[in-house]
Amino acid sequence: NQIVKLLESGNTAVAIKNLKLFLAKNERNIMAHWYLGEAYYAEKKYELAIVEYKYVLKIADFSKELTEVMVRKRLARIYQEFNQLEEAQKEYILITNLEPENYEAYYQIGVLFYKRNLFDNSVAYFQKALRINPQHSETHYYLGMLYFNTGRFDEAQNALNKSLQYNSKNLKAHLYLGLIHKAFNQFDLATKEFEIAVRDPDLKIRALLENGKTYLDSGNIAKAVVELERALKSTAVEDEVKIEVRYWLSNCYERNRDLHNAIEQWEIIMQLRPSYKDVPEKLSSYSDLRTDDRLKDFLTASTQNFQAICEKMVQSMGYSIIDISPVSDENFDCIAMESEAKWRNVRRMKALFKVRRVTKPISVMPIKDLQEEMKKLSADKGVFIVTSNFAPSAAQFAATRPIDLIDKKQLTELLKKTQL
């Protein structure tokens, strides 16, 4: 009784000392070995606890006060701590043999199968748990998560809603409901779910990340930045989730032409994960920004200023613009005529210009599209200007046609000649 009180008060060191003295005189006392295991378990000395629990199973003198199920639960939890999933599973299966109506054991087996990516086995055990206790919220939640990860969204949504029906505080379910709505492009519904999930401190950064990505997918970059910057400030730990936050935040900065902040995030990611996604390529694409202010101004210009620079660039090439297509943040298209003919009595050349602020190489298809547009407009020449470069197939296609390809290196020289 004294030892029980010591354990309950957290005084495990004294409890262990007294238990060892007791066992020196009463080596086969099952309760003493059990409490010694419990003391080691409380101190997270799991290897020592396992020795005591296994000795208890060897004696096997169980009672209402100490059952075999109690011991096997402890062993299962220790194996889970050590990530020995199969060993933990064996213990839970033995528990179901001892207590066929123990839904918690079936649930734990399902979780362990899920962690081992054995999804069919996992579903079978979750369903066994629900046959015994249809109102077990965590089982419904895991089924929902499993169905989501295997693309069965309708079944996932049904399971997650049941999880919330039996436990409205299960904020994890809101996170996955948000992901389902996002998959269906139901952005407003997704945002509502993520905003609920943010209330869970353990889910906060993930919920903010997903909410930021949802705003980004819906085209609301300003709100995406707000959510992702909140996510960045929510933790000091540089784990995989935070690195993903940095990646998507840099994506938003790049779209807003805030390349200084985008590069800052890419450089941090490079230090933490040198080969993360396309970050090395991004940094390589924008490497000239540090040495060339004209190219930097061109890449970071607002849509209005981007158009103004493009117009002056076309004029510096000896053309007068006669028509401009609607300009976007990345695209400038115009039709222009030669300001003066090179030869007397020769009509001025009509040209179609396309300017693209992109980082990825341009394939042959946009060049073929340019040629088709030239035919429709009766243009004599095509000029394709990019802030990246051209794929070999694109260069090969243009080589035998009246199309000039101007890549980033040539653009840099062209900007120097342009009076901005």
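**Entry 1: the sheet**

I began with two strands of the sheet: strand 3 (residues 350–356) and strand 4 run parallel and are joined by 6 bridges. I count two strands as paired if DSSP finds at least two bridges between them. Helices (H or I, at least four residues) and strands (E, at least two) are DSSP runs, numbered from the N terminus. For one bridge I looked up F353, and its partner in strand 4 is V383.

The model is a predicted one, in which local features need pLDDT of at least 70, side-chain atom pairs count only at pLDDT 80 or more, and totals for chains, interfaces and linings use all residues. Residues are numbered from 1 along each chain as its sequence is written, and side-chain values use heavy atoms, with hydrogens and water left out.

Next I followed strand 4 to its other partner: strand 4 and strand 5 pair in the parallel sense over 4 bridges. There I385 stands opposite I406 of strand 5.

I then noted how strand 4 (residues 381–386) is covered: 6 of its 6 residues are buried. Buried means under 20% relative accessible area, exposed over 50%, and partly exposed in between (1.4 Å probe, protein chains only). K381, V383 and I385 lie on one side and G382, F384 and V386 on the other, and all of them are buried.

At the other end of the sheet I found strand 1 and strand 2 running antiparallel, joined by 5 bridges. Y319 has E338 of strand 2 as its bridge partner. The two strands, 1 and 2, form a hairpin with 6 residues between them.

Put together, the sheet is open, has 5 strands in the order 1-2-3-4-5, and its pairing is mixed. Strand 1 (319–324) and strand 5 (403–406) are at the edges with a single partner strand each, so one side of each has no neighbour in the sheet. On average, neighbouring strands of this sheet are turned by 25° against each other, direction ignored. Axes here are lines fitted to C-alpha atoms, for helices over the stretch in contact, and angles run from 0 to 180 degrees between N-to-C directions.

I also checked what packs on the sheet: helix 19 (residues 303–316) touches strand 1, strand 2 (331–338), strand 3 and strand 4. The direction of helix 19 makes about 25° with that of strand 2. Contact means heavy atoms within 4.5 Å.

**Entry 2: helix 7 and helix 8**

I turned to helix 7 (residues 103–115) and helix 8 (residues 119–132), whose axes come within 8 Å and cross at roughly 165°. That makes helix 7 roughly antiparallel to helix 8. Angles under 35 degrees count as roughly parallel, over 145 as roughly antiparallel, 65 to 115 as roughly perpendicular and the rest as oblique.

I listed the residues in contact: Y103, Y106, Y107, I109, G110, V111, F113 and Y114 of helix 7, and F119, N121, S122, Y125, F126, K128, A129 and I132 of helix 8. They divide into 12 nonpolar, 3 polar and 1 charged. Ala, Val, Leu, Ile, Met, Phe, Trp, Tyr, Cys and Pro count as nonpolar, Asp, Glu, Lys and Arg as charged, and the others, Gly among them, as polar.

In the loop between helix 7 and helix 8 I found N117. Its phi is near 65°, a positive value in a residue other than glycine. N117 counts as exposed, at 56% relative accessibility.

**Entry 3: helix 4 and helix 5**

Helix 4 and helix 5 (residues 68–81) pack at about 150°, with axes 10 Å apart. Helix 4 and helix 5 are therefore roughly antiparallel to each other. I recorded the contact as Y46, A49, I50, Y53, K54, V56 and L57 of helix 4 with E68, V71, R72, R74, L75, I78, Y79 and E81 of helix 5. This contact holds 10 nonpolar, no polar and 5 charged residues.

E43 lies in the loop between helix 3 (30–42) and helix 4 (46–59). I noted E43 as partly exposed, with a relative accessible area of 26%. E43 and A13 are 30 residues apart in sequence and 8.8 Å apart in space, C-alpha to C-alpha. Not counting residues up to four places away in sequence, E43 touches T12, A13 and I16.

I looked up T12 in turn, which is in helix 2 (residues 12–25). T12 counts as buried, at 12% relative accessibility.
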